[in-house]
Every structure is written in C-alpha cells, then in structure tokens.
Amino acid sequence: MPVAASAIYFLNLRGDVLINRLYRDDVGGNMVDAFRMHIMQTKELGTCPVRQIGGCSFFYMRISNVYIVIVVSSNANVACAFKFVVEAVALFKSYFGGSFDEDAIRNNFVLIYELLDEIMDFGYPQNLSPEILKLYITQEGVRSPFSSKPSDKPVPNATLQVTGAVGWRREGLVYKKNEVFLDIVESVNLLMSSKGSVLRCDVTGKILMKCFLSGMPDLKLGLNDKIGLEKESQIKSRPAKSGKTIELDDVTFHQCVNLTRFNSEKTVSFVPPDGEFELMKYRITEGVNLPFRVLPTIKELGRTRMEVNFKVKSVFGAKMFALGVVIKIPVPKQTAKTSFQVTSGRAKYQASIDCLVWKIRKFPGQTEPTLSAEVELISTMAEKKSWTRPPIQMEFQVPMFTASGLRVRFLKVWEKSGYNTVEWVRYITKAGSYEIRC
Amino acid sequence: MAPPAQSQRSPSPSQPSGKSELSDLKLQLRKFAGSRAPGVDDSKRELFKKVISYMTIGIDVSSLFGEMVMCSATSDIVLKKMCYLYVGNYAKVNPDLALLTINFLQRDCHDQDPMIRGLALRSLCSLRVANLVEYLVGPLGSGLKDSNSYVRMVAVIGVLKLYHISASTCIDADFPSMLKHLMLNDSDTQVVANCLSALQEIWSAEASRSEEAPREREALISKPVIYYLLNRIKEFSEWAQCLVLELITKYVPSDSSEIFDIMNLLEDRLQHANGAVVLATVKVFLQLTLSMTDVHQQVYERIKAPLLTLVSSGSPEQSYAVLSHLHLLVMRAPYVFSSDYKHFYCQYNEPSYVKRLKLEMLTAVANESNTYEIVTELCEYAANVDIPIARESIRAVGKIALQQYDVNAIVDRLLQFLEMDKDYVTADALVLVKDLLRKYPQWSHDCIAVVGNISSKNVQEPKAKAALIWMLGEYSQDMQDAPYILESLIENWDEEHSAEVRLHLLTAVMKCFFKRPPETQSALGAALAAGVADFHQDVHDRALFYHRILRYNVSVAERVVNPPKQAVSVFADTQSSEIKDRIFEEFNSLSVLYQKPSYMFIDKEHRGPPEFADELGNLSIGEAEDNVVPSQRVEENDKDLLLTTAEKEETRGSTGHSQQASFGIDDLLGLGMPAVPDAPPSPPQLKLNAKAALDPSTFQQKWRQLPVALSQELSLSPQAIAALTAPQALLRHMQSHSIHCIASGGQSPNFKFFFFAQKYKESSNYLVECIINTSSAKAQVKIKADDQSTSQAFSTLFESALSKFGIP
C-alpha cells in the first residue's frame with residue numbers, strides 16, 4: 001500500500017489550520033491537536049520529520065511559512081508520501097503562479113480543496129500532472145474573477161486526456177515562434193579540511209527546460225558525457241572525437257524521457273511537456289573543476305585578539321566572472337571590534353550570525369583578492385580556552401561555467417510540420433554547500 | 001488548550017462573532033435557495049466560501065445543512081464542489097438530512113457531463129452513512145461501466161469506500177469480481193491502478209472472514225496478472241507504478257531466468273525522477289534476488305548510485321526517507337559501501353536526524369583501508385556545537401576501535417578527547433576507554449597514564465563516573481593514587497545519587513584492597529559500612545555479601561571478586577537478526593524509519609498504553625462530537641480483540657478445561673511437575689504426511705508470503721529441557737510425529753527451529769518457527785499455513801508432539 005493517507009493538513013507556524021482534508025475515518029478528528037501538542041509545542045519540531053503519536057504516524061514538511069502534515073495509520077511508504085507533498089506544492093504553485101505561502105493558501109482555499117479532491121482519493125494519489133488537471137479544474141486562482149455563467153462547453157476530450165499515452169502534453173498546441181530554452185544548473189558541494197585537502201567534492205546538476213513548441217515535437221539532446229559519446233562512435237564506427245568527456249555517476253530523467261532508448265542508444269530523446277520542467281538530474285564526483293581556491297589563515301593572538309587572513313582565487317577563465325560572491329568567516333561570540341582591509345568588494349562584521357561577511361558583487365576570473373582583518377575579543381572568565389570553529393562558507397554564481405565541464409553538443413527538434421525552432425542554451429554554476437574548515 | 005485562533009490580517013471572511021453570524025448566513029442562504037436570478041451564483045459562491053472557511057477552522061456549521069442542500073440545485077460546477085465538500089463533512093453527524101442530498105446526487109450521477117457524473121459519484125460514496133448504502137449500489141454499478149474513464153476511476157475507489165461503510169453490501173453486490181474484470185481489461189491505467197489498490201485492501205480485510213479471500217489475494221500475485229501489469233508499467237502514473245512494484249515484490253518467480261527478465265524490464269525504473277519509484281524498484285530487486293547470493297551482491301552495486309543521488313537531491317525530508325533506507329542497506333552489507341564513505345560525511349548545516357544516520361553509516365563502513373580518514377572526520381565532529389552529535393561521534397570512534405584490529409591510532413585519538421577539557425567529551429571518552437580496555441587489555445599502560453590525570457571531580461555523569469571507578473579498581477596497581485581517589489569518593493558516599501556508581505565503588509575498592517591492602521583497608525571499611533547502611537537494596541546486599549565473604553576467607557573473596565579476566569571478544573548486538581530481517585522484508589515503509597518491524601507500532605498490544613487517546617479526552621475543544629469518534633473507535637477495536645481471543649479459547653476448549661485448571665495450580669506451587677498431562681490431548685482429526693518433502697527455497701518463499709496464522713508461547717517440561725542438549729534431539733523426535741525440520745541452529749540456552757509438515761494426501765503445508773529458550777523453559781511458536789482454517793488443529797498437534805519430547 002503506497003500511501004493511503006488518512007488525512008492531510010496545512011497549518012501555519014502558529015498551528016492554525018488553513019486546510020484540512022480527511023480522506024479516511026481511521027484517524028480521529030483531533031489529529032491537528034495531537035500534532036500541535038506533541039510536535040509543534042515541543043522541542044521535537046525539527047528533530048525528525050516522521051513521528052509516531054499514539055497509533056498514527058505524522059509526516060510533516062515545512063514549506064515557506066506553512067506546515068504540511070500527512071497522517072497515516074498504517075505502515076505507509078514514506079518516500080512516496082513526501083514526494084506527493086512536494087508534487088502537490090508544485091501543482092499549487094503552478095495554479096497560483098508563484099509563491100506558496102500562508103496568504104496564497106488563504107486566498108485560494110476553495111481551489112486547494114478542489115485540487116485535493118482530484119489528486120488524492122480515499123488516500124490514494126491520483127493524477128497530479130498540472131497539464132492535465134488544468135484542463136478540467138479551470139478556476140484560475142483568484143486572479144481572474146469567476147464568470148457568472150458556468151462554462152457550458154466542457155473542454156473537449158479533457159477526460160480522455162487524463163491518462164492518455166502522452167499524459168504530460170496536450171495536443172493541438174500552436175506557437176507563432178517556436179522556442180526552446182535549456183539551462184544547465186550545477187551546484188558544487190565542497191568540504192575542505194583545514195589543511196587544504198579536499199575531503200569531499202561533488203556536483204549535482206539539473207537540466208531545466210522551457211519549451212514553447214507547436215504540435216507534438218520529438219527532441220533529442222546530446223551531451224559530452226562519456227557513455228553517450230562512446231556509444232555514438234561505436235554506432236558510427238569512427239573513433240570518438242578527442243576532447244573532454246564527462247563521466248556521470250548517476251542520472252535520473254523526467255518521465256517524458258524514453259528510458260528504453262536511453263539505455264540502448266544512450267541518447268536523451270523525449271516529447272517535452274509544454275512550458276517549464278526539469279528534464280534530468282545528474283551527479284558527478286570525478287574531475288570536478290572548483291571555481292574558487294581559498295587559503296584561510298586564522299591566528300588567535302592571546303586571549304583577546306585574532307588575526308584573519310583570507311585569500312581567494314578564481315580559477316575559471318579570465319573572460320568570465322562570478323556574481324554575488326559571499327564569504328562568511330566565523331568569529332567567536334565575544335567579538336568586540338573588527339577592522340578590515342580588502343582588495344575588492346566590501347566586508348563587515350555581522351553579530352547576528354557571528355561572522356565576518358565579505359561580499360564581492362562581480363568577481364572576474366583569474367584574480368586573487370585578499371582580506372585581512374583584526375578581531376578584538378572581550379575577555380571573559382567563563383569561556384573555556386578552545387573555541388570550536390564552524391566552517392567558512394561561500395556562496396557564488398558563475399554564469400557560462402560548469403564545474404563538471406558538461407556541455408550540450410546538440411539539441412534537435414523534430415516535428416512533422418517541419419517548423420524551425422530557436423534554441424537557447426545557458427550554463428550556470430552555483431555554490432551548494434561550499435565549506436572550508438579552518 | 002489553544003483554540004484555533006485566526007490571524008487578523010486574514011483576507012478570507014472575518015471571524016464569526018457568534019451565533020448571530022451563523023443565523024445571518026442561514027437567512028441569506030435561504031434567500032438565494034429558490035432564486036434563479038442572474039448573478040445569484042456569484043453571491044452564493046461568496047456565502048459558500050464563508051461556510052467552508054468556518055468549517056476549516058473548526059467552527060461547527062452543521063446547522064446550515066438544510067439551507068446548503070437547498071442551495072445546491074445549481075449548474076455552477078464550483079458551487080457544486082463546495083456543496084459536496086460540505087455535505088461530505090457533515091453527513092455523518094446528520095444522517096437524516098443526508099437523505100435529502102441523495103436525490104440531487106443521484107440525479108447528477110446521470111448528468112451528461114462526465115465530470116459532473118464523477119463528482120456526484122465521489123460525493124455520494126463519501127457520505128459515509130450506513131443506512132444510505134442501498135442508494136450507492138446502483139450508481140456504483142453503472143459508474144463502473146461508464147464509458148468515461150474518469151467516472152470509472154472514481155467508481156472504483158467508490159467501491160472501496162462502500163466496502164468500508166458496509167462490507168457485506170459490497171461483497172453481495174459482487175463488486176470485487178467486477179473490479180477484477182476491470183483491472184485486467186480497462187484501457188485506462190489509473191482505473192487499473194485504483195482497482196488494484198481497492199482489491200488489495202478488500203481482500204486483506206476479508207482474509208479473516210471469507211474463504212475465497214486468500215485465494216483471491218493469491219490470484220493478484222499470480223503470473224498472468226503480474227505479467228499483464230509489468231507489460232503496461234510504463235503507461236502507469238508514477239504513483240501507480242509504486243503500487244505495481246510493491247505488488248511485484250510479493251510475486252515468486254518460478255526460476256532464475258524469470259527473475260532476470262523482470263529485472264531487465266524494470267532496470268530503467270532506477271533512473272526515474274520520482275524517488276518513491278526508485279525505492280520501490282530497489283525493493284523488487286532486493287526481494288527477487290534474496291536466494292541468489294552473488295546476484296544479490298550485484299544488485300547492491302547497481303542500486304548504490306541511484307540511492308546516493310536521491311540522498312543528495314530533494315528536500316531534507318525526502319533525503320531523510322531515502323537515507324534511512326540506505327542506512328538499512330549499509331548495515332546489511334557495509335563492505336559494499338566502504339569506498340563511498342565520503343558520501344556519509346556530515347555537512348555543517350544538516351539537520352541532526354540526518355547527521356545521526358550518517359554517523360552510524362560511517363561507523364559501519366569503516367574497514368582497514370578507510371579507518372584513518374573516517375576517524376579523522378569523526379574527530380572533527382567531536383568539537384561540534386551540537387552536543388548530542390558530538391557525543392555520538394565520540395561513541396562512533398569508540399565503536400570503530402572495537403571493530404578494528406589496528407587500534408593504535410584510534411587509542412591516541414580517544415586519549416586526545418580526554419584532554420579536550422569538555423565535560424561531555426570526557427564523559428563519553430571515559431566510557432569508551434573502559435570498553436576498549438575490556439577488549440584490548442594490552443593498551444592499559446597508555447590509557448591509564450592519561451586517565452590518571454583526570455580529576456574525578458570533573459566527571460559528573462553516572463556512566464562516566466562508573467567507568468572511571470571501574471578503571472581505578474581494575475588497574476589500581478598501576479595508578480599511584482588509586483586508593484586515595486577511591487577514598488575521597490567514599491567520603492562523599494551520601495552525595496552520590498546513582499546506585500550504579502555506588503555499586504561500582506564497592507567493587508573497585510575491593511579490587512584495590514586485594515592489590516594494595518595496607519593503603520586501602522580503611523577505605524574498604526568505610527565503604528562497607530556505608531554500603532550496608534545504604535537504602536538501595538542492591539547496594540546493601542552487595543556490601544553485606546562482600547563483608548561476609550571477606551570474613552569467611554580473603555583469598556576466596558579475591559577469587560570471587562577479582563578473578564583473572566579474559567578479554568571480551570565481541571560485544572552483544574542490540575537488535576536480533578530476526579528483527580533486522582523483518583525490517584528488511586518491509587523495505588520502503590515506515591518500519592525502516594522507525595527501525596522496528598511494523599507489528600511493533602501498528603498492532604495495538606505492542607504499542608503500549610494509548611497515551612494519546614487519554615490526552616485527547618482531556619482536551620477541551622469546542623466540538624464534543626469530534627472527541628467521541630476516536631474513543632468509540634478504540635472501544636470497537638478492543639471488542640474485536642476480545643472476540644477473537646474468546647473464539648480461540650472456544651476452539652481450543654475441546655482439550656478440556658479441567659486439565660488447564662490443574663496445570664495452573666501446579667505452576668503456582670512451582671513444583672516443577674511434568675507439564676505433560678497424564679492423558680495427552682486426544683489426537684485431532686488432522687493427519688500429516690509422514691514423508692512430506694519441501695525444498696528450502698520453497699519454504700523461504702512461502703514463509704515470506706504467508707501471514708502468521710497462529711503465534712503462541714508454550715511451556716516445556718523439565719524432561720524436555722534436559723533432553724534438549726543439541727538441536728538434533730528434538731529433530732528426531734518431531735520427525736516421528738511427521739513434523740520435519742528444515743533448518744535449525746543455536747546454542748544453549750537459545751535454539752531456533754524451522755519445521756514444516758504436510759497434510760496427508762494433500763499438498764497443503766504448515767510452516768512453523770519455534771524458538772526455545774531452555775533457561776525459561778518456554779517455546780515461542782509461530783505457525784503459518786496454506787490452509788488457514790486447519791492451522792488451529794495443526795497447532796494442537798504440534799503442541800502435543802512437543803509436549804511428549806523428552807519422555808522415554
């Protein structure tokens with residue numbers, strides 16, 4: 001039994017009910033109170049997202065300022081339940097057009113009830129695809145006022161489409177200008193020891209697409225990944241082109257991708273859904289190009305003084321630049337006074353997070369700015385001699401750079417009417433959790 | 001308790017100031033009830049919205065029922081939906097009024113718009129009023145045959161709802177067989193998936209009541225059905241795929257080529273973006289290959305990458321769910337993951353529930369090649385701000401030390417912890433050093449030097465203090481001032497609150513006395529005096545015992561209290577392998593997250609007192625009705641339980657009540673009389689096949705599939721215990737009763753057996769798991785049977801066979 005949720009609740013941070021939908025009678029009506037008493041009002045909140053109270057299990061998730069709680073009384077499939085919540089939130093967002101928070105829920109509660117009715121019946125997940133649901137749940141949020149007349153022409157073959165073979169795409173779409181946008185977004189995770197050796201480093205990437213294409217197009221995407229290239233050269237019986245090939249550790253695809261063809265031919269071919277979607281996700285651990293190298297030195301000079309020297313070097317191409325670079329260098333709680341010298345950007349001491357924050361808005365490649373700071377501490381009697389240093393954290397975005405080196409080789413669009421398409425490809429690398437111990 | 005107060009800035013309808021609001025609404029609704037003027041629907045929508053929002057925040061608006069129903073005659077679909085929602089919520093408490101709605105719902109069931117038909121049917125089934133079920137059967141029947149798949153989809157779940165309201169109506173109308181037909185023939189996969197969920201639920205609930213249920217359940221996992229679903233799996237939605245995959249885990253393929261076919265077909269599911277599908281596929285792979293050891297290993301290798309990806313993507317909650325499963329796999333096969341240890345490094349900002357799992361995994365995968373890196377990493381965490389995690393990491397270092405042969409470096413690290421000068425670090429490190437010394441006494445020299453420097457005043461936690469005292473006693477010859485530290489501890493005897501520490505203190509001072517008598521004598525005297533005067537029974541008894549044995553003979557006392565010790569080779573595992581296997585069977589469910597099998601948290605008797613129900617009773621919440629529902633439910637469950645046990649008594653009654661009574665008295669007197677009655681219970685009608693045969697793999701499959709028919713605890717006679725020196729003795733005995741053993745093992749006092757038996761001239765099998773503990777003279781017996789109805793008879797047979805064991 002995958003989920004069989006007995007009830008689903010939406011609560012705000014104070015525990016007020018925004019939405020409640022009971023699917024089954026096997027849980028009592030006061031589950032919200034149990035959740036409030038045993039989880040929200042205790043320190044339990046945030047310790048574990050799955051909790052058992054009495055005979056029921058509660059799965060909860062916080063999304064902006066809303067708690068979504070699923071209550072089950074059986075031995076349910078947890079992964080499925082959380083995925084359901086995530087998907088449901090994505091669906092609501094696509095209806096509200098943007099944010100999902102307390103106000104959005106209050107403004108759209110009738111719509112949410114309507115959707116909850118469709119996406120889950122008696123605790124079993126049903127259809128959650130926004131494409132299909134939008135055909136017959138036609139309320140467009142509160143942005144367009146209700147028409148006084150009921151729509152007397154039900155959308156043709158709406159329900160036929162509900163579970164057709166290509167469930168994610170409607171037929172008969174027409175665009176004047178056929179365009180495809182493809183973004184490769186990578187986040188680099190790094191954990192570096194205080195001695196400068198890389199403890200752990202990987203890249204999780206996703207390919208996001210936005211399609212505005214007419215008809216039922218077939219798309220084919222070629223990347224410079226190792227397996228795909230090898231397979232191609234095998235098929236065309238000519239040696240693979242020299243150049244960098246990337247070894248993907250693992251890939252997952254949107255349901256529109258033909259997995260059988262991926263396994264046999266190693267090409268990514270698909271009929272895309274209309275609009276925005278995530279085509280694939282991948283993970284790479286070998287051969288990661290770190291965009292920044294950092295060299296921190298933090299010296300404690302006696303009990304009341306500290307000296308911080310920080311060098312950071314951008315190792316990507318000189319023509320590229322990083323945006324929104326933020327470096328957070330932790331300092332002890334009892335910091336009294338700080339003074340800085342930076343060769344680029346601005347630095348200040350933020351007492352609320354006990355960090356020196358160094359911001360560089362635009363950071364060109366192949367440069368090496370430095371920060372040196374002096375920190376004065378209040379001497380206290382109570383404080384023990386050692387201060388446990390949290391790691392230095394870094395945030396950044398580097399456009400037109402991929403830490404994995406992944407590149408799009410081709411993106412082909414084929415449709416029977418044979419129209420021309422415009423393809424746009426972008427790359428961006430962001431910091432995931434970029435931690436340097438010091 | 002906190003009333004559900006609303007925030008003031010809420011843009012939805014303002015708070016009702018009391019009854020006047022409701023009566024106001026009532027009036028307005030009444031005004032619009034019959035009106036068909038243009039624009040009325042808009043005003044109705046506003047009113048309905050108000051009503052629904054009151055309902056959401058828990059205000060009782062059931063008094064508007066009549067008016068709402070009157071307003072429901074509309075063609076506006078949004079209005080209809082709101083009205084249905086309202087009716088569904090309150091029909092149960094207003095069964096009479098609910099009757100009013102039947103009419104318009106039934107009419108809507110014949111609407112020409114399939115959306116309206118579906119909606120009406122769904123709402124009709126959601127009324128949950130038992131005396132209205134007669135009105136459901138007709139519309140459901142036609143709904144299942146509707147030309148539109150949306151209506152069929154709703155109707156299928158409707159059947160399940162009907163089953164929960166009135167099981168007999170549902171069965172009598174022959175709905176299950178209609179569902180079965182639909183499942184195998186419908187073109188729409190969501191209809192098929194819903195049929196599958198409904199049938200699974202109906203037949204597992206029916207299992208105890210009807211004879212056909214087990215057969216029908218079996219049919220769901222028969223080859224044709226499974227193949228039919230497998231072939232269409234790509235058409236199913238991601239949720240339905242989870243459902244189908246779960247079903248496949250129960251299927252038993254006939255040979256290995258079939259297993260490979262299924263795995264090849266499903267391999268691409270591991271690349272699915274939905275983590276739930278990936279986990280479900282992983283479960284299929286693991287379950288199918290259980291009996292093929294080397295393939296099973298390859299499966300681990302294959303599923304590693306997708307699982308690691310899932311862990312690093314998605315929300316923390318999702319990755320926690322996956323991580324828990326990964327944790328389970330790492331614990332089962334740590335060597336497979338030993339090169340991936342870096343994935344289990346903790347990030348600074350990760351929630352502690354994730355860190356805790358990662359620490360355990362790091363501990364498990366440590367081996368010769370990666371120990372150094374892992375221990376270095378763990379030492380980083382020891383300085384973590386999150387104190388519970390810091391402590392866990394120290395314990396993890398200790399655990400690794402106990403696993404490894406090369407502990408050289410680790411001991412140094414642990415000793416560094418002792419010097420870190422943080423109370424909690426010192427405390428945990430002390431406990432670990434103690435365990436380490438018990439396993440590797442050769443390290444005593446290095447450890448003692450450091451431990452000796454720790455001031456006992458800085459150690460407050462009982463466990464740590466006990467560990468320190470144990471070391472003081474054990475190594476008092478090597479520690480210069482051991483007697484004096486002990487002496488000062490004894491002086492503060494009254495301030496020591498933990499009995500455990502006081503017990504350790506007594507023993508330590510004794511050990512110290514044997515090694516350095518002149519220095520310790522006075523301390524020993526003081527300790528014994530304080531101990532004898534202690535109010536804690538155990539401390540008192542131990543002190544008295546020491547006192548007397550010392551008076552009797554000092555060298556005997558030394559042999560008792562401080563004998564030469566052997567190093568501990570393996571520390572006991574906390575969870576039995578049986579429980580671990582059970583959790584593994586329930587892969588991809590809550591069991592994995594709770595780390596206990598489902599019966600421990602689902603079954604009422606294992607769950608302990610229903611703390612939660614009690615507390616609910618004390619809650620003062622506006623609506624009284626709501627409180628009634630859960631308590632009634634609990635009561636009904638209790639009645640069910642009572643009934644089933646009573647029935648069991650009756651069926652067993654034939655063995656005679658008088659005998660049972662006499663047993664009771666024997667037991668009370670504790671005479672240890674033979675538990676065998678003079679006249680053994682008359683052999684039941686059941687005859688067993690003396691030459692039954694069953695191969696181990698079939699047994700395993702059956703054991704996995706069948707539910708436990710009976711589970712009981714039997715007492716064994718002293719003769720039986722005496723005869724049970726080795727498992728073989730019991731095997732021969734049971735064989736003479738046509739009950740064959742398929743596997744056995746264990747050492748005194750715990751033995752475990754798997755038996756099977758076959759019905760005479762029939763292929764119906766009985767499977768038995770029997771765990772015997774000779775020290776308590778009890779046998780835990782679990783029986784599974786192909787034919788549930790005769791399992792009671794078989795149990796009696798088994799019991800009588802077992803009771804004759806050991807009697808010549």
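In this predicted model, B:S197 touches A:Y124 and B:L243, when residues up to four places away in sequence are not counted. B:S197 counts as buried because its relative accessibility is 4%, and the cut-off for burial is under 20%.

The contact between the two chains was examined next. Chain B contributes 107 residues to this contact, and chain A contributes 104 residues. Together, chain B and chain A bury about 9,400 Å², with 55% of that area on carbon and sulfur atoms. Six salt bridges are found across the interface of chain B and chain A. One of the salt bridges pairs B:E377 with A:R437, and the closest N and O atoms of this pair are 2.6 Å apart. Polar contacts between chain B and chain A amount to 26 residue pairs, with both residues of a pair at pLDDT 80 or more. On the side of chain B that touches chain A, helix α8 of chain B (residues 149-165) supplies the largest share, eight residues. By class, the residues on this side of chain B comprise 46 nonpolar, 32 charged and 29 polar.

Within chain A, the domain assignment gives three entries: domain 1 covers 7-134, domain 2 covers 179-287 + 405-433, and domain 3 covers 292-378 + 389-399. Domain 2 and domain 3 of chain A are each listed with two segments. The C-alpha centres of domain 2 and domain 3 of chain A lie 34 Å apart.

The contact between these two domains involves five residues of domain 2 of chain A and six residues of domain 3 of chain A. The area buried between domain 2 and domain 3 of chain A is about 570 Å², and carbon and sulfur atoms give 64% of it. Two residue pairs are in polar contact between domain 2 and domain 3 of chain A, both residues of a pair being at pLDDT 80 or more. The side of domain 2 of chain A that touches domain 3 of chain A has three nonpolar residues, one polar residue and one charged residue.

Definitions and conventions:
Residues are numbered from 1 along each chain as its sequence is written. Chains are lettered from A and ligands numbered from 1 in the order in which they are written. This is a predicted model: local features need pLDDT of at least 70, side-chain atom pairs count only at pLDDT 80 or more; totals for chains, interfaces and linings use all residues. Side-chain values use heavy atoms; hydrogens and water are left out. Contact means heavy atoms within 4.5 Å. Buried area is the accessible area (1.4 Å probe) that two parts lose on being put together, summed over both. A salt bridge is a side-chain nitrogen of Lys or Arg within 4 Å of a carboxyl oxygen of Asp or Glu. A polar contact is a pair of N or O atoms within 3.5 Å; within protein, one must be able to donate a hydrogen and the other to accept it, and residues adjacent in sequence count only if both atoms are side-chain atoms. Helices (H or I, at least four residues) and strands (E, at least two) are DSSP runs, numbered from the N terminus. Ala, Val, Leu, Ile, Met, Phe, Trp, Tyr, Cys and Pro count as nonpolar, Asp, Glu, Lys and Arg as charged, and the others, Gly among them, as polar. Buried means under 20% relative accessible area, exposed over 50%, partly exposed in between (1.4 Å probe, protein chains only). Domain bounds come from an automatic or database domain assignment.
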